[in-house]
Amino acid sequence: MDILSSLATGFGAALAPINLMWGFIGCLLGTAIGVLPGIGPALTVALLLPITAKVDPTGALIMFAGIYYGAQFGGSTTSILLNTPGESSSMVTALEGNLMARNGRAGPALATAAIGSFVAGTIATILLTLFAPLVATLALKFGPAEYFAILVLAFTTVSAVLGASMLRGFASLGIGLTIGLIGLDSTSGIARYTMEVPELVDGIEVVLVAVGLFAVGEALYSVLYQKEETSARHRLTSLWMTRADWKRSVPAWLRGTLIGFPFGSIPAGGAEIPTFLSYSTERKLSKYPKEFAASKGEGAIEGVAGPEAANNASATGSLVPLLTLGIPTSATAAILLAAFQNYNLQPGPLLFQTSGELVWTLVASLYIGNAILLVLNLPLVGLWVKLLQIPRPYLNAGILVFATIGVYGMRHSTFDLFLMLAIGWAGVLMRRFDFPVAPVIVGMLLGPMAEKQLRNALSISQGDWMIFVTQPIAASVLVLTLLVLLVPYLLHKRGIKLHEDD
Amino acid sequence: MPAQLAIGLGIVAISAVLAFGASRFPAEMGFVIMAAYVYPYAVAAFLGVVGLLMCYQALTGGFRNLSDDHETTQAQPGGKLGATWVTAGLVGVALLISYIGFVLAASLLFACSARGFGSRSPVRDLAIGIALTLPIYWLFTAGLGVSLPPLVNAWI
């Protein structure tokens, strides 16, 4: 009952015209950047972080959540019509949905993706509503040792499970941790690795790194290595789904949701694993295995419905660790954490008590946002597709202009702009040699947090490191971390290749 | 694999810089439970091991499990020149923004990057740049409260 009344209050606030407007803007922006290749939700939210100075926290966070959700919706449109995944987590959708589109079934593919995203998003939000308070209550019992162990687990999953190589994932994480080291140490007051540069004393902003890697790095990589896409766009067909389409989609949506949500909510980062799992499940269970891409068929609707649902459910699921533990499991979630911190709000178990109204308004806005997105996407899909006609030079030039605003707007520093350029070139190298990017962002944000928790844990144990072995919860989380290290090995053995989600 | 070896060595070098820096932190006074150098040393050790393993991989057949993209991706003709244009635009904006203001500097960046991506009509690009950055300037400064250098700079 408690949850219901809190949620009702949340709906009251989320339905206020001003908050509805922020939600609508977020959904609109999110869909647009989801459709456009080369710009993702992490970058968009990073660029919009400066508005936290002016807009109240509820409005801004509702908008950011809309962007996060909207990008998932929009991404499927590009994958189905263009065969270049707008987001890398919609890679499977690109495979199967594009096949359907090539065989004149673009409409039903788009419809099952959008309705599936709505169904999955809504069910996942219900699960979030039910579970997040429970997790928060549980997390209240965690001390610094437990937190440190969970952070180590998050580091490991973000860098070792995602991406093709555990070693390169760890390298990215190490770089992120290194960036996080720069600046004043909060406990001792010693300036670390600032190299006498005054701009570095406050540390490097996560916005700067995200913009450097995602905007500048992507643009440079694209100009150096990518041909102009000339692939023909598929014609839109009627969105109408037949009875058979519905019958095959509904179970796939539900299964996708059940696979996606738990994967999103454990610190295992990214929507890649659940979308692949959902795809292979659907292929196994389908009565029409001949239609799947692997059998050179015409494209199976389950292969679009399931992964799209899993994708959305895991995006929602990743809000559970973010809100209850303050631990982001993807680059976008990491930027969302930075948004909270800009308001001096620390996501974690206490957030539900100190800022309960904000949290519940945010949760309520997720229900509303899903509905807005369904309305925005299905009937207006023709309009969104027009976005793809923006010429490549102007799209990239525009992204770089926004990157400049995002970075320079923070503190009018020329140094920051040069640093952004340098990070951009580093991003080109990382992309070229297949280093994942998310661990850099997560590492730089969580690194200082890990050091702080480690210090607190050792203060409590009076310097005794055995605390991580003798405390049952901390010890089991660390054992779990060791087990996680085996996951990539098992995935490789089964021939599953993963790429990260930005 | 010289490029990969260089990356591995670069990571080892970062690790060495971290360790060297940590060894020179000023001493802390009083009762210290975990000194400021402990965690940096740990990160340095971690990066050192990772860097050495990368060097090993680079010397024994190259990085493992590179994506298919890595094999098929070719440097585009004109790509280096294009990247130079984009870089020049970004350097330009960094050097000029405090003198000529956001709108002009950003429009210049717009035109340079459009050129880098193959556009061949600089005057039109500059015009589009100004048409785009003027409303953005207004939206961000008036609407969202982000302060950006004005069109005419502050000291006039």
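Here are some questions and answers about the chains shown above.

Modeller: Before you start, this is a predicted model, where local features need pLDDT of at least 70, side-chain atom pairs count only at pLDDT 80 or more, and totals for chains, interfaces and linings use all residues. Residues are numbered from 1 along each chain as its sequence is written, chains are lettered from A and ligands numbered from 1 in the order in which they are written, and side-chain values use heavy atoms, with hydrogens and water left out.

Colleague: Thanks! How much area do chain B and chain A bury between them?

Modeller: Contact means heavy atoms within 4.5 Å, and the contact takes 73 residues from chain B and 66 residues from chain A. Buried area is the accessible area (1.4 Å probe) that two parts lose on being put together, summed over both. Carbon and sulfur atoms carry 76% of it, and the total is about 6100 Å².

Colleague: Which three residues supply more of the area that chain B buries against chain A than any other three?

Modeller: Together they give 13% of what chain B buries there. They are M34(B), Y39(B) and F117(B).

Colleague: How many residue pairs are in polar contact across that interface?

Modeller: For salt bridges (a side-chain nitrogen of Lys or Arg within 4 Å of a carboxyl oxygen of Asp or Glu), the rule finds 0 across the interface of chain B and chain A. A polar contact is a pair of N or O atoms within 3.5 Å; within protein, one must be able to donate a hydrogen and the other to accept it, and residues adjacent in sequence count only if both atoms are side-chain atoms. Counting pairs with both residues at pLDDT 80 or more, the answer is 12.

Colleague: Which element gives the largest share of the side of chain B that touches chain A?

Modeller: Helices here are DSSP runs (H or I, at least four residues), numbered from the N terminus. Those giving two or more residues to this side include helix 1 (2-23) and helix 2 (38-59) of chain B. The largest share, 20 residues, comes from helix 4 of chain B.

Colleague: Which residues does the salt-bridge network join?

Modeller: Side chains of opposite charge can pair when their charged atoms come close. In one such pair, D185(A) and R192(A) have their closest N and O atoms 3.8 Å apart, and both residues are buried. Salt bridges that share partners make one network of D185(A), R192(A), E451(A) and R455(A).

Colleague: Why is helix 3 of chain A described as largely enclosed by the rest of the structure?

Modeller: Its buried residues include P41(A), V45(A) and L48(A). Among the elements covering them are helix 2 (17-35) and helix 4 (57-82) of chain A. Helix 3 (residues 41-48) is largely enclosed because the number of its residues that are buried is 8 of the 8.

Technical notes: Buried means under 20% relative accessible area, exposed over 50%, partly exposed in between (1.4 Å probe, protein chains only).
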